Amino acid sequence: MPDAVVIGAGPNGLVAANLLADHGWSVEVLEEQDAPGGAVRHDQGVAPGFTNDLFSSFYPLAAASPVLAGLHLEREGLRWSHAPRVLAHPLSDGRCAVLGRELDDTAASLETFAPGDGDVWRELHSMWERVRPDLLAALFTPFPPVRAGAKLALRLRSGGGLRLARSLVLPVRRLGEEEFRGEGGRLLLAGNALHADLAPEAAGSGGFGWLMSMLGQTYGFPVPRGGSGALTEAMTRRLEKAGGLVRCGKRVSGIVIRQGRAVAVRTADGETVVARRAVLADVSVPALYGELVGSAHLPSQVLADVRRFQWDFATFKVDWALDGRVPWRAPEAAGAGTVHLADGVDELTRFAAQIAMGQVPDRPFALFGQMTTADPTRSPEGTEAAWAYTHVPHRIKGDAGEEGLSGTWDPKEQERMADRIEEQVERFAPGFRSLVRARRVLAPPALQSLNANLHGGAINGGTTALHQQFVFRPVPGTGRPETPVKSLFLASAGAHPGGGVHGAPGANAARSALHSHLPSGLTRAQRVLTRRDRKGERRHGSPE
């Protein structure tokens, strides 16, 4: 009987399991798929010799995360690799905005769009550096982030805090217009905002675009050497060395609740796994409250709120094995790991508006990954392992293009949509299609079948819009991993702070589980000593 059962071996589930094991808990992780990793996996399913990531690829949040840094995964063989440039946003006229590894490179690129814009970027970066330590600490801790939040408030108070707060809640279109004279800086901010489901006119998109841009400027957009699954392998090895167990092919179909407390889980094949202390669920919010926990165990208000839960955009992805490097019209894009493909901010607005209207975009904004450029081990020399993904509505009412796509995503529709994405790449890289040796199409149903948390291919565990962030995530009045059921904790991207591979939801859930099992009468000093004792048990062996 383990102390804790973790449902799901995605990055958050593995982080939670590692932290519990570090404190002397016995942990069993149950994973539905035949391999751990969730959305952090790779394979060679496109073409022999080409390593393609199935889902996520670039990890600025992982590089910035104090949670993952604390696991010291380099001791388990994890190595990071970087492309020569972080990100590029080419335009059809041959101009290109570049986010470089060095601040001077980015500033120089933006100067080509408008004199003075390079200095504006430096000012935005200087503001970031002033608040970065406390902002990241607040981002990666449970809500409300009392200690880190207080430090951040003090720092902001002495450095134009209200003006920064205003900038963070601005739509990214407005932020770009206020800050930059030229299009380059606006493109970098707006394209990065659409790494989430935030249109250029959405409140808060300015803050998210600025955050992602500054993460890229400081940490780059690194990739695990050898494939995204190398990150999963490192976390799994670490957990197993600490005594944890990962069991794959075990779909959890229900959580057993007795007297208001989670005591076990049931698997689809009829097994009951008892949890002595806690159950941590790295599953989506609708799955937890709509499938695994019976409605009789939940307050009516929670059930009503979950019915209003909003997913982020659905996703359509194509993987390629290319016989050569991408022939970008703008040569600056050749060295970038990530390339944003939309012909200006107006085209980004058009794309997001079509999704809002339930239409499949006719000129889909594509995030394009050049994986061999970022990590030469991914494919033979002179070739490129690449991918692109775009977003589509969950409920499709029509097609903004001419092919009549309806969202059935049968083989014919999948191929037509993949062709549309390739045509978008061709606008910025003429001759691209002649390099395609092989491709793999992952439509929304395929992404969900490979990872149940990716409902319709939604990759962020729920919308990043302000109405479902912070104290509103996953439902109003929460913002924390605790659930209405004792000893049951939400450990997925559905919890604060949300999507991205950084481990914070898993870490927050693990800390809450540990805290809930400290003797209630202990003073704060005694609790600190208890935590130190548990760390000692981890180093020297538990007496149990």
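# Briefing: helix packing, loops and selected residues

Helix α4 (residues 103-111) packs against helix α5 (residues 117-139) at an angle of about 140 degrees, and their axes lie 7 Å apart. This is a predicted model, in which local features need pLDDT of at least 70 and side-chain atom pairs count only at pLDDT 80 or more, whereas totals for chains, interfaces and linings use all residues. Residues are numbered from 1 along each chain as its sequence is written, and side-chain values use heavy atoms, with hydrogens and water left out.

**Terms for the helix pairs**

- Helices (H or I, at least four residues) and strands (E, at least two) are DSSP runs, numbered from the N terminus.
- Axes are lines fitted to C-alpha atoms, for helices over the stretch in contact, and angles run from 0 to 180 degrees between N-to-C directions.

**Helices α4 and α5**

- The angle between α4 and α5 is about 140 degrees, and the two helices are therefore oblique to each other (angles under 35 degrees count as roughly parallel, over 145 as roughly antiparallel, 65 to 115 as roughly perpendicular and the rest as oblique).
- On the α4 side, Leu-103, Asp-104, Thr-106, Ala-107, Leu-110 and Glu-111 are in contact (heavy atoms within 4.5 Å) with Asp-117, Gly-118, Asp-119, Trp-121, Arg-122 and His-125 of α5.
- The residues of this contact of α4 with α5 comprise 4 nonpolar, 3 polar and 5 charged (Ala, Val, Leu, Ile, Met, Phe, Trp, Tyr, Cys and Pro count as nonpolar, Asp, Glu, Lys and Arg as charged, and the others, Gly among them, as polar).

- The contact of α9 with α10 has 6 nonpolar, 4 polar and no charged residues.

**The loop between α17 and β21**

- Ala-465 lies in the loop between α17 (444-450) and β21 (488-490), and its relative accessibility of 15% means that Ala-465 counts as buried (under 20% relative accessible area is buried, over 50% exposed and in between partly exposed, with a 1.4 Å probe and protein chains only).
- Leaving aside residues up to four places away in sequence, Ala-465 touches Asp-197 and Leu-198.
- Phe-470 is in the loop between α17 and β21; Phe-470 has a positive phi near 55 degrees without being a glycine, and at 40% relative accessibility Phe-470 counts as partly exposed.
- Ser-487, also placed in the loop between α17 and β21, has a positive phi of about 65 degrees although it is not a glycine, and at 11% relative accessibility Ser-487 counts as buried.
- Pro-474 is found in the loop between α17 and β21, and the peptide bond from Arg-473 to Pro-474 is cis, with omega near 0 degrees.

**A further cis bond**

- His-496 and Pro-497 are joined by a cis peptide bond with omega of about 5 degrees, and Pro-497 lies in the loop between β21 and α18 (504-516).
- Most residues other than glycine have a negative phi, and most peptide bonds are trans.

**Cysteines and Pro-445**

- The whole structure holds 0 disulfides (a disulfide is a pair of cysteine sulfur atoms within 2.5 Å).
- Cys-96 counts as buried at 5% relative accessibility, whereas Cys-248 counts as partly exposed at 31%.
- Pro-445 lies in helix α17 and, at 44% relative accessibility, counts as partly exposed.
- Between Pro-445 and Glu-291 there are 19 Å in space, C-alpha to C-alpha, and the two are 154 residues apart in sequence.
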